[in-house]
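Hi there,

Here is the structure I promised to pass on to you. Have a look at it first, and then read on for my notes.

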Amino acid sequence: MNDDARWMAAAASLAARGLPLSRPNPAVGAIVVREGRVVGHGWTQPGGRPHAEAMALAMAGDTARGATLCVTLEPCAHASTRGPACADLVVASGLARVVVGCQDPDPRTAGAGLERIRAAGIAAELHQSPEARASLIGYLTQRTKNRPHVTLKLATSLDGCIALANGESQWITGPAARAHTHVLRAKADAILVGGGTLRADAPRLDVRLAGLEARSPQRWVLTRGAAPEGWQALPSPAAITAMAGVQYLFVEGGAQTAAAFLAEDLVDRLAIYRAPIVIGGGQPGIADIGLGALADAHGRWRITDRRQLGSDTLEVYETAPCLPE
């Protein structure tokens with residue numbers, strides 16, 4: 001891995017600190033490097049401002065002159081009432097070089113940020129970093145598909161059941177897997193369950209990890225009726241285009257809701273927690289999605305992560321178009 005790739009991967013790791021509090025802005029990471037040493041770093045702050053570049057350049061101060069900025073997303077080219085354009089901050093900083101991990105699809109920037117930086121005599125390169133793209137996948141999905149990036153979570157037995165035939169489901173997975181689920185919740189803008197799950201289980205869907213309680217996501221329910229207090233209603237999976245400001249949606253179930261999202265081809269990531277038990281004859285994790293032939297089954301899933309969580313196993317699958325390019 002060359003130096004640019006190494007610093008970009010580090011910037012992408014910083015970006016994760018902004019999730020989900022940076023909304024409605026993307027969570028961006030930035031690092032200022034001078035003579036092989038980090039002199040400034042930052043990530044998008046809660047509410048979207050200051051931007052990552054502004055944080056990193058403020059920390060670097062005068063040492064930014066002649067240095068290199070590695071930033072996961074193209075610096076914005078548009079000013080607002082909340083702050084100047086980051087491209088202008090970069091120009092004023094005296095940087096010698098800028099490396100960008102991903103071009104911004106926002107039409108207000110979309111290459112204009114890089115052009116402005118180059119016009120000022122600063123070398124600017126588009127790195128096309130897989131790590132940067134992966135860290136921005138919610139924002140990129142929202143911008144290019146007009147919907148959130150959707151993760152479907154399942155907690156199943158080895159034979160794919162999420163409950164006994166009588167509905168008993170607490171707890172299939174152990175405490176380590178359940179804690180990890182709360183970590184994923186904390187990174188999401190919104191979380192969704194079906195109306196049947198809401199009525200049967202009355203789930204809290206909050207984050208119950210010390211220090212992360214404030215990151216509990218918005219709560220949505222898939223129903224054609226009114227949502228209870230504190231919840232928002234979604235009439236169908238296709239209506240996720242109306243989820244303004246939501247970049248990351250975490251779908252937790254149940255089986256009918258999982259099937260509905262899969263049938264509409266709206267799932268980008270599967271997070272499957274498997275417990276080392278066999279139920280036999282229990283309730284399946286996914287209901288019928290209407291396939292008429294085995295050849296029509298979803299065959300585009302690729303495993304991107306696998307880890308042991310206590311006695312349980314987590315497997316993460318992603319659709320090919322959403323994998324880093």
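Predicted model: local features only at pLDDT ≥ 70, side-chain atom pairs only at ≥ 80, totals over all residues.

The cut-off for calling a residue buried is under 20%. Valine 100 belongs to strand 4. Setting aside neighbours within four places in sequence, its contacts are Met8, Val71, Leu73, Glu74, Pro75, Leu114, Glu125, Leu126, His127 and Gln128. Serine 129 is 29 residues away from valine 100 along the chain, yet 8.2 Å separates their C-alpha atoms.

Helix 1

One of those contacts of valine 100 is Met8, and Met8 is among the buried residues of helix 1.

As a check on its geometry, helix 1 runs over residues 3-15, and at 1.5 Å a residue its 13 residues should span 18 Å. The C-alpha atoms at its ends are 18 Å apart, so the two agree. At the start of the helix, a side-chain oxygen of asparagine 2 comes to within 3.2 Å of the backbone nitrogen of aspartate 4.

The second largest pocket

Helix 1 also matters for your pocket list, as it gives the largest share of the lining of the second largest pocket, four residues. The volume of that pocket is about 830 Å³. Its lining is made of 31 residues, and Ala134, Leu184, Lys187, Arg269 and Glu318 lie nearest the centre. By type, the lining divides into 19 nonpolar, six polar and six charged residues. At least two lining residues each come from helix 1, helix 5, strand 6 (149-156), helix 7 (175-186), strand 11 (248-253), strand 12 (269-274), strand 14 (301-309) and strand 15 (312-319).

Helix 7 has 12 residues and reaches 17 Å from its first C-alpha to its last, close to the 16 Å expected. Its buried residues are Ala177, His180, Thr181, His182, Arg185 and Ala186. They pack against strand 6, strand 8 (190-194), strand 11, strand 12, strand 14 and strand 15.

Histidine 78 and threonine 109

Which side chains make polar contacts with the side chain of histidine 78? One is that of arginine 108, at 3.5 Å, and another is that of threonine 109, also at 3.5 Å. Histidine 78 sits in the loop between strand 3 and helix 3 (86-93). Beyond four places in sequence, histidine 78 touches Ala85, Asp106, Arg108 and Thr109.

Threonine 109 is found in the loop between strand 4 and helix 4 (112-119), and with a relative accessible area of 2% it is buried. The side chain of threonine 109 reaches the backbone nitrogen of alanine 77 at 3.1 Å. Not counting residues up to four places away in sequence, threonine 109 touches Glu74, Pro75, Cys76, Ala77, His78 and Asp104. For proline 75, which is 34 residues away along the chain, the C-alpha separation from threonine 109 is 7.9 Å.

Backbone points to check

Most residues other than glycine have a negative phi, and most peptide bonds are trans. With that in mind, here are a few places to look at in your viewer.

- Leucine 19 and proline 20 are joined by a cis peptide bond, with omega about -10°; proline 20 is in the loop between helix 1 and strand 1.
- The bond from arginine 23 to proline 24 is cis, with omega near 10°, and proline 24 is in the loop between helix 1 and strand 1.
- Glutamate 35 is not a glycine but has a positive phi of about 50°. It lies in the loop between strand 1 and strand 2 and is exposed, at 79% relative accessible area.
- Asparagine 146 has a positive phi too, near 60°. It lies in the loop between helix 6 (137-145) and strand 6 and counts as partly exposed, at 46% relative accessibility.

Happy to talk any of this through.

Best wishes

How values were computed: Residues numbered from 1 in each chain as written. Heavy atoms only, no water. Expected span 1.5 Å × (residues − 1). Buried < 20%, exposed > 50% of the residue type's maximum accessible area, 1.4 Å probe, protein only. Polar contact = N/O pair within 3.5 Å; in protein donor to acceptor, adjacent residues only side chain to side chain. 1 Å grid on protein atoms, 1.4 Å probe; cavity = no way out; pocket = protein on both sides within 12 Å on 5 of 7 lines; lining within 4 Å. Points joined across faces, edges and corners; volume = space filled by probe spheres on them. Nonpolar A, V, L, I, M, F, W, Y, C, P; charged D, E, K, R; others polar. Contact = heavy atoms within 4.5 Å.
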